[in-house]
Amino acid sequence: MMTKFNLFPKWKARSKGPTKDRLALLFRYKYSSFKMLLDSNSQFLKVITDLEEMLRGQRIFGMSYVKTQADRAVFHALRMVKNLDDLSNHQYGKLFEVVEDIKVKIHAELEQKKELPPVESTLTYSQINKEMVDWVGGKNANLGEIHSQLHLPVPEGFAITTRSFEIFLSHNELFNKINTIKVEIDPNDPESISRASKEIQQLILSSPVPNELEQEIQSAYAQMTQRIEEGGSTDSSPKVALRSSAIGEDSELSFAGQYLSVLNVSSDHLIENYKKVVASLYTPRAMAYRLNKGIRDEDIAMSVACLQMINSKSSGVIYTHHPFNILEDHITLTAVWGLGPYAVEGRITPDSYTVAKDGSLNIMVTAISHKPVQLINDPQGGIREIPVPLEDQDIPCLSPDQISTLAGYALKLEDHFKSPQDIEWALDETGHLLVLQSRPLQVHSPETGLESIPMIPNYPLLIEDGAVAFPGIGFGPAFQIQSDEDLLNFPEGAILVAKHSSPKFVIVMKKARAILTDLGSVTGHMASLAREFAVPTILDTRQATSTIPSGMEITVDAYSGRVYQGNVPELSAFQNTSESPMKGTPVYQILRHVADWIVPLSLMDPKAANFAPEFCRTLHDVGRLVHERSYSEMFQLSDLVSGKEGFAFKLEARIPLDLYVIDLGEGLNTAKAQEVLKKVSIDDIASVPFKALLRGMTHEVFQRPQIRPVSLGGFFSVMREQMLAPPQAGNERFGEKSYAIISDKYLNFSSRVGYHYSILDSYCGPIDNMNYITFSFKGGAADDTRRNRRVRAIGLILKALDFVVNVNGDRVDARFQKYESSLIEEKLDQLGRLLLYTRQMDMLMHSETSVEALAKNFLEGNYCLSCS
């Protein structure tokens, strides 16, 4: 017996349903809830992506990062649950309990390590290590680690801690004053950010540092001076460099460059310039960054490095690895005369040396540049430019022994921090070399879009570009996945190749050397799992399945997004095996434990019995369940409007449907809409997905008069079924009116024509993760066999259009999701054509051959049924 396809709400059978106004409000309420749900889903997936990147451990972070990301994950999970509960008329109350339970467990992990500001307002570098990043910021933490653990030479100095920052702002009640100013900020108005920045910075600069704090900073300076004098210096009032070392944005600080450093500061200007560095926390760029990233100001603070100012004879930068070519694993060292800014600012071309990383530290390449000017410390304070003596302008800034010494320092730093390093150095007037700073060199970051490896010659290039979800190198035979059975047969050490990314692939990720897909997003569920399992993965290649057959041996370069045919030995040695400098530390362990309640995903298959609230173990499970269920809730929206055309616009168009349009907001060009007549034309439509669907429906083929072919057997089958079949057979005749519920980016389209019923639900906007199409078709006037043939033909067409399809009896369901808007529009255009192509198709389903024949006709662009 056929299952009745009844999507109508319970109130439909009552004599009175919701009023026009209440129904309009209900539509808008549901749509608003759905938009907020999609937005939080997108933000939630970004949090997961960032957590997974941090779990790789190549960047230093502190507890402020862990707490902020945990709070963001819980917030967006709760927001998704609330909006799904609203959409479903409060059917998902259980999910609130699930999220609250996970939240309690996350907070228990966070409370195991209670991070408090240090009692001291200042710390010497012998007291600092890399785990104290929340007290002193990343720059100070690294410098302390270099001094206290590696015992490499660094400038004398001290860190002004985040406790000093808290004391200064609290003493002047600046936290509340800053928050009051920030209320006026419009995130979409750069001018409002600039105004607030200027006001906040002026507020900080005009506020006094408490006497006690000023005395502690001056005392630390005096102790630094004493240590310098004990080292043999006669300078009783050394100048210092004040360098920013902020916390709160730990994952971005290595390249942000958005805060202030002040060079060559005398002791009587120390406090004044300390305030300038603190005020730089509120530059327009820094404020806009935090707004866009959703980072709370409560989680940021400014520590300051106070370092003895070196009268540099020469200075420069060291990279322990080529910055964008992983094949060049050498040390690159640059040098200029005088202070270091000219080594990186492009004012002059520095000398450059390439040094081998073997025990010899041989200088492989030397390039000496013309260096006409240099920066020096001005005796009056600050820095100034002077000419380089003529005899020095074209000679090396360093001797071979000095180069060898710096290369040795670089190797020790890379080995200690377990990743390539970006190092600043200086040579003082006495000939001593010092390390000024060391930070991770970002060589293998997929987010940069960097094509870090040049093309390897003499190997056929199969794929030239793709979206890297996780970097690395993989070699093995390709194995195409087209069904669940293929997953069960996936061999150890193969390269997984598929049309779409899918979280189902998790079952073979431990076997796979790499993953390639035609389509997919680096912020999607499968990309998240690939990072968790550290599988080199390239998504969105557009051609993997058509270019790479099963069995072909390939090398995947998931650093640059390329795939080669055959084994490429030049690449196979460059697997990412470096250990993290953070792994093993207490802060990292807390991140790991917190992430275990957020990141893992166990709910893979929406059809599985365990795809339910009670089986959600993590916030990722909750997000997956909510996202999936939200489609179903929105899919049923059209059921509310059957017979409610009184508040809808009648669409005047050359399509064979009695179609009414309901605007949720910005779906119509309201200035043009014919309010009195309640009629609109296609030109009045502003909804992106609805316009795309109508383009397909108004295709030129459907505008020409046609005599639809009818198989005589099919005709009698339809007549016999309708005259003889009893009511319980399920032959439900639907209403003749169709509805489109629209906004600027949303469409819910329902078509009830005769014995056919189809629903289409779509969102089409600028964020790929929010975009989707769901489609369902059921019914027909013929017997069960012909109706089943009809939906199987539709299923074949939809599969060829890259939809995920399920056919059951005389119903077909399909989904296409998380692609760019242009592709969503293209599929909607095809669905518009399909909706008209399939009308009365069941009369033609006289044999099994007609299933493939009609599908083939459509895919070849032959929409004329008389040609079938």
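Which residues in α4 meet which residues in α13?

**Entry 1: two helices crossing**

Before anything else, a reminder to myself: this is a predicted model. I went to helix α4 (residues 133-150) and helix α13 (residues 400-417) and looked at where they meet. On the α4 side I found Asn142, Glu145, Ile146, Gln149 and Leu150. Their partners in α13 are Lys412, Leu413, His416 and Phe417. Sorted by class, this contact has four nonpolar, three polar and two charged residues.

Next I checked the axes, which come within 12 Å and cross at roughly 105 degrees. Angles of 65 to 115 degrees count as roughly perpendicular, so that is the word for α4 and α13.

**Entry 2: the sheet**

I moved on to an open sheet of five strands, in the order β1-β2-β5-β3-β4. The pairing is antiparallel. I jotted down a bit of background too: strands of a sheet pair through backbone hydrogen bonds, either parallel or antiparallel.

At the edges sit β1 (122-124) and β4 (261-265), and each of them pairs on one side only. From one strand to the next, the twist averages 25 degrees.

Then I looked at one pair up close. β1 and β2 (residues 157-160) are joined over three bridges, in the antiparallel sense. Here Leu123 stands opposite Ala159 in β2.

Two helices go with this sheet in my notes. Helix α8 (residues 211-230) lies across β1, β2, β3 (240-247) and β5 (301-308), and runs at about 165 degrees to β2. Helix α10 (residues 270-279) packs on the sheet as well, touching β2, β3, β4 and β5. The direction of α10 makes about 30 degrees with that of β3.

**Entry 3: the cores**

What does the largest nonpolar core look like? I got 54 residues, and those with the most contacts inside it are Leu95, Ile106, Ile598 and Leu619. Several elements supply at least two residues each, including α2 (63-87), α3 (93-111), α19 (619-635) and β25 (737-743). The most comes from α1, which gives eleven residues.

I picked Ile598 and listed what it touches, leaving out residues up to four places away in sequence.

Conventions. Residues numbered from 1 in each chain as written. Predicted model: local features only at pLDDT ≥ 70, side-chain atom pairs only at ≥ 80, totals over all residues. Heavy atoms only, no water. Core = buried A, V, L, I, M, F, W, Y, C linked by side-chain atoms within 4.5 Å. Buried < 20%, exposed > 50% of the residue type's maximum accessible area, 1.4 Å probe, protein only. Helix = DSSP H or I, 4+ residues; strand = E, 2+ residues; numbered from the N terminus. Contact = heavy atoms within 4.5 Å. Axes fitted to C-alpha atoms, helices over the stretch in contact; angles between N-to-C directions. Parallel < 35°, antiparallel > 145°, perpendicular 65-115°, else oblique. Nonpolar A, V, L, I, M, F, W, Y, C, P; charged D, E, K, R; others polar. Pairing = 2+ DSSP bridges.
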